[in-house]
Amino acid sequence: MSHTRLWIAAAIIVFFLIVSFVFSVPRTGDVAQAPLSRAEVTHTPSVALRDSFKKGVHTITGSLEAPNACTSVGAEASLAGEGSESGILVALTLVDDGGVCLQVPTRATFSATISAPVDLPIFATVNGSIATTSRL
């Protein structure tokens, strides 16, 4: 009869081992999802502009939020549109310098000049995307 108790005890231990194994194995639904990278998150960039007009030349300066301190900003101003629909387009380009940087958003400044009439509206794009502008 002692063999029966031994077999029952062994069966109970094996049962608990199998049950604990089943509950400890990760399931396909338990696999962590990769978080979205900053590049995949899309939003309308915001650009702060200041326009200084003197002797037919606009000097447009401003700033925008760059993803990190290693990002440089290039600015090029051009005339866009015709007639009453014309304006000044400031095309901003954000370029990551490829250095090792702390991924903390940083304000980056830019400057561009263009010869144009005095009362033209100013529009901005960042890497081809239309940006919202605010005046300083």
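Trainee: Why is the disulfide of Cys-70 and Cys-101 called right-handed?

Mentor: In this predicted model, the torsion about the S-S bond of Cys-70 and Cys-101 is about 55 degrees, and the disulfide is therefore right-handed.

Trainee: What makes Cys-70 and Cys-101 a disulfide?

Mentor: A pair of cysteine sulfur atoms counts as a disulfide when they lie within 2.5 Å, and the sulfur atoms of Cys-70 and Cys-101 are 1.5 Å apart, so the pair meets that cut-off. The structure holds one disulfide.

Trainee: Which parts of the chain does the pair link?

Mentor: The pair joins distant parts, 31 residues apart: Cys-70 sits in the loop between strand 2 (57-66) and strand 3 (71-80), while Cys-101 sits in the loop between strand 4 (87-96) and strand 5 (106-115).

Trainee: Why does Cys-70 count as buried?

Mentor: Buried means under 20% relative accessible area, and Cys-70 has 16% relative accessibility, so Cys-70 counts as buried.

Trainee: How do you know that the span of helix 1 agrees with its number of residues?

Mentor: At 1.5 Å a residue, the 23 residues of helix 1 (residues 2-24) should span 33 Å, and because the end C-alpha atoms of helix 1 are 33 Å apart, the two values agree.

Trainee: What makes you say that helix 1 is hardly covered?

Mentor: Among the 23 residues of helix 1, the count of buried residues is zero.

Terms used: Residues are numbered from 1 along each chain as its sequence is written. This is a predicted model: local features need pLDDT of at least 70, side-chain atom pairs count only at pLDDT 80 or more; totals for chains, interfaces and linings use all residues. Side-chain values use heavy atoms; hydrogens and water are left out. Helices (H or I, at least four residues) and strands (E, at least two) are DSSP runs, numbered from the N terminus. Buried means under 20% relative accessible area, exposed over 50%, partly exposed in between (1.4 Å probe, protein chains only). The expected span of a helix is 1.5 Å times one less than its number of residues.
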